[in-house]
Amino acid sequence: MLHAWRSADDLRATQFSSSPRPARHRFTLLVPGRHEEEVMGQTLDRLAQQDHPDFEIIAIVGHDDPGTELVVRQAAARHPDLIKVVVDDSVPKNKPKALNRALQIATGDIVGVFDAEDEVHPGLLTVVDSKFQETGADVVQGGVQLMNFETSWWSLRNVLEYYFWFRSRLHFHARSKFIPLGGNTVFVTRDRLAWSKGWDDQCLAEDCELGVRLSSDGAKVVVAYNPEYVTREETPPTLKSLYKQRTRWNQGFLQVLGKGEWKALPTLRQRMYARYLLNMPFLQAATGLLIPISLVFILLVKVPTPVALLTFLPLVPTIITLVAEAAGLTEFGRVYGKKVRVRDYVRLVLGLVPYQVFLAAAAVRSVVRQLRGDGSWEKTEHTGAHRDAAPATPSAEPTLVGAGSEVTR
């Protein structure tokens, strides 16, 4: 959690170069979207503003999603030399199937993935290109940051999860040579994607699964995080939506655990990291199931004083974690220019236990779904809450089919 802040040198080492090298690579940017009419057009417009000299954008929509297809084709009409449209007719649909469909026509030697609601810095590809050159990496993972911490009590904690994950923990995993990749702002060489045959379309955490396979094969993964270059996103708009999202992630981790490819990691330390991380849904589920048992013991069972005192020991790491989170919230507000109020710190403290209960409930559901063999994909809704008074998408009047872009079915 605090890996990146061990020293000033360590913190600087987690960043992109301040003087990027001249462009050398061609990028293909994959942007899948399903029922994303509200946000995807603006995302494509922002991606088209990249200052890199050589890239293409492939937007992927479902054959049964005319609303998103219309928005995507309008964006393609505005940027006919940059945006291609792929229509995915697979059934049932999921994100890795969409990515694999678009990969068939990708022309870049580096493939990047973005989500339909992403707010991407125009200089991102330039610094990512330079990072590939500087390090000889097979994969470069950029930063992703949820922004709307003030929306609800749980959005505050969700934002901090992302902050510590991309700012610090992923750097720790990359240094340990075992890394579950993030779902977007991740760039993989075309050679490595050819080796992996794309993404596993049966896995609910295709990003984690790809990262585990690449780690097991010794791929070099580099993580870089600059607040200036992070991809900005929003927290799920409702607690129910977050519940489904977290269930999907947890179940995906269980699927990766069951596949067992992490067992090919060369060192015991790496395999132990993998066991710990991929077993996290089981640990959280067990915690959730123990909560009512704990309440019964508190109310009905009398124990000797020394035993009672020992039961308070878990509070020590909990308090330390809470202090670290409060410091992280302060720094988040400073680096992103967000005003953090006293009430936000109060929400941070009061939300600690309810949020852990919530995570445990999602973990329990993921275990139940996995045991039942239910691998259906539950989509996360987006509303654009992370965009600060963004201008309206420019109007265009193309027909639903054509619009000067490449069409693939």
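Mentor: Gladly! Keep in mind that this is a predicted model. Let's start with Y162, which has a relative accessibility of 12%.

Trainee: What makes Y162 buried or exposed at that value?

Mentor: Buried means under 20%, and Y162 is at 12%, so Y162 counts as buried.

Trainee: And how is W249 classed?

Mentor: W249 has a relative accessible area of 26%. Because that value falls between the cut-offs of 20% and 50%, W249 is partly exposed.

Trainee: Why is the pair of Y162 and W249 called tilted?

Mentor: Their ring centres are 6.4 Å apart, and the limit for a pair is 6.5 Å. The planes meet at 45 degrees, so the pair is tilted: stacked needs under 30 degrees and edge-to-face over 60. Since Y162 lies in helix α6 and W249 in helix α9, the pair ties together parts 87 residues apart in sequence.

Trainee: How many aromatic pairs are there in the whole structure?

Mentor: A search finds 16. One of them joins F149 and F332, with 5.8 Å from centre to centre and 80 degrees between the planes. As edge-to-face means over 60 degrees, this pair is edge-to-face. F149 is in the loop between β6 and α6, while F332 is in helix α13, so parts 183 residues apart in sequence are tied together.

Technical notes: Residues numbered from 1 in each chain as written. Predicted model: local features only at pLDDT ≥ 70, side-chain atom pairs only at ≥ 80, totals over all residues. Heavy atoms only, no water. Phe/Tyr/Trp six-rings, centres within 6.5 Å; stacked < 30°, edge-to-face > 60°. Helix = DSSP H or I, 4+ residues; strand = E, 2+ residues; numbered from the N terminus. Buried < 20%, exposed > 50% of the residue type's maximum accessible area, 1.4 Å probe, protein only.
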